[in-house]
Amino acid sequence: MIQIEIETTYMEGDVNVYVLAGDPVTLIDSGIPGQASLEQLQAGLAKHGLSLHDLQQIIVTHMHDDHCGGVADIQRHVDIPIYVHEQARRQLACCKAVHEQSESFFDSFIARCGAADIFQRRQPYRQKEWRHVRYVKDGDTVMAGGAALKVLYVPGHSQSDICLWNERTGDAFVGDYLLEHISANAFITPPDQEQEEREKPLIQLRESLRKTYDLSFQTIYPGHGTAYCGHRRVIDKRFTEQMERCERIYEHLRENPHSVYELSHALFSFLQGRSIFLGLSEIQGHLDLLEEQARAAVQMVGKVAHYRAI
C-alpha cells in the first residue's frame with residue numbers, strides 16, 4: 001500500500017485527502033464540493049501518475065462537507081462505490097420533512113442557549129446525490145490499497161466519525177477525530193427520529209478517545225495538518241484541556257447562573273456570525289460533562305436554560 005497525501009484548500013483552511021495506491025485504489029475523503037476542489041484533487045493525482053479513472057472506491061471518514069462534499073463531483077466522472085458509517089443513512093436519505101425537523105431542533109437549541117435574538121442558523125435543503133453507497137459499522141474490515149483497514153466507530157465530532165486502522169502497520173486515518181494541534185469541536189446534532197433526546201457529543205468523544213487509547217496506532221493521518229506519531233500524548237492533552245475548560249465554566253457558574261450563550265460569549269467573545277454555533281456546541285458539551293459529574297444543574301427560565309454550580 002502506497003499512501004499519497006493530497007491537500008485541498010477552502011475558505012476556512014486546508015483539508016487532507018489520501019489515496020491508497022494498490023488493489024483497490026482508494027480515496028479517503030473527497031474534499032469540499034465544487035470544481036476548484038475537484039481540480040486540486042485531479043492535479044494531486046496527476047503528480048503521481050493517476051487520474052480520477054484510476055480510483056476504485058471512496059471511504060468517507062465523516063459527514064462534514066469539507067470531507068465528503070466532493071463525492072458527487074467525483075461520481076460524475078467515475079462510477080465507484082462510497083463507504084461511510086451507517087449513521088450517515090439519515091443524512092443521505094434526508095427528505096425535506098426530515099431536514100425541517102433538524103432545522104426546528106437547531107432553532108429550539110439556539111433558543112435554549114439564550115441566543116435566539118443574536119444568531120440564526122438556517123441551512124438550505126440540499127439532497128445528497130450519491131450512488132453505490134455501502135454502509136460500514138464498528139469492527140468491519142474494508143480492503144483498501146492492498147491492505148485490510150479496520151473500521152473503528154468514534155463518534156463525538158460528528159455522529160458518523162470513523163477511524164481506519166491498519167493493524168499490521170499501525171497506520172490510522174482519523175479524519176477530524178484526533179487532530180494533533182487543535183481539538184475538533186464536538187458538535188450538537190439533532191436526535192435520530194427514534195430518539196427523544198439528543199446525544200451528548202463531548203461525552204461521546206471522550207468515550208471514543210478512551211476506545212483508541214491503548215490501540216497500537218503508529219502514524220496518524222489526520223483530516224487537517226500533517227501526519228504525526230504519539231496518539232496517546234494527544235489524547236492526554238485533550239482530556240487535560242477538557243477538564244481545564246470545565247473548571248473555567250464552573251468558576252463562572254459559582255458566581256451566578258448563566259445561559260449557554262452567556263458562557264460562550266464570556267469564553268469566546270471573538271466568535272461572530274455562523275461561528276457562534278461553535279461556541280454554543282463547545283459550552284453545551286462541557287455543561288453536559290459537568291452535569292454528568294454532578295457539578296452543575298439546569299433550570300429552565302421560559303425557553304432559556306440557566307446552569308448553576310452545585
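Strands β11 and β12 (residues 228–229) run antiparallel to each other, paired over two bridges; strands here are DSSP E runs of at least two residues and helices are H or I runs of at least four, numbered from the N terminus, and two strands count as paired if DSSP finds at least two bridges between them. This is a predicted model, in which local features need pLDDT of at least 70 and side-chain atom pairs count only at pLDDT 80 or more, while totals for chains, interfaces and linings use all residues. Residues are numbered from 1 along each chain as its sequence is written, and side-chain values use heavy atoms, with hydrogens and water left out.

Stay with that pair for a moment. Across from threonine 219 you'll find cysteine 229 in β12. Five residues sit between β11 and β12, making the two a hairpin, and glycine 225 in the turn has a positive phi of about 85°.

Now look at what else β11 (residues 219–222) does: it pairs with β10 (residues 172–175), this time in the parallel sense, over three bridges. Alanine 172 has isoleucine 220 in β11 as its bridge partner.

Next, head back to strand β3 (residues 26–28), where threonine 26 is found. Threonine 26 is buried, at a relative accessible area of 0% (buried is under 20%, exposed over 50%, partly exposed in between, with a 1.4 Å probe and protein chains only). Its side chain reaches the backbone oxygen of proline 24 at 2.8 Å, and also makes a polar contact with the side chain of glutamine 57 at 2.9 Å. A polar contact is a pair of N or O atoms within 3.5 Å; within protein, one must be able to donate a hydrogen and the other to accept it, and residues adjacent in sequence count only if both atoms are side-chain atoms. Setting aside neighbours within four places in sequence, threonine 26 is in contact (heavy atoms within 4.5 Å) with residues including Tyr18, Leu20, Ile59 and Met143.

The backbone around here is worth a look too. Proline 24, in the loop between β2 (13–21) and β3, is joined to aspartate 23 by a cis peptide bond with omega of about -5°. In the loop between β3 and α1 (35–46) lies aspartate 29, a non-glycine with a positive phi of about 70°. Aspartate 29 is buried, at 2% relative accessible area.
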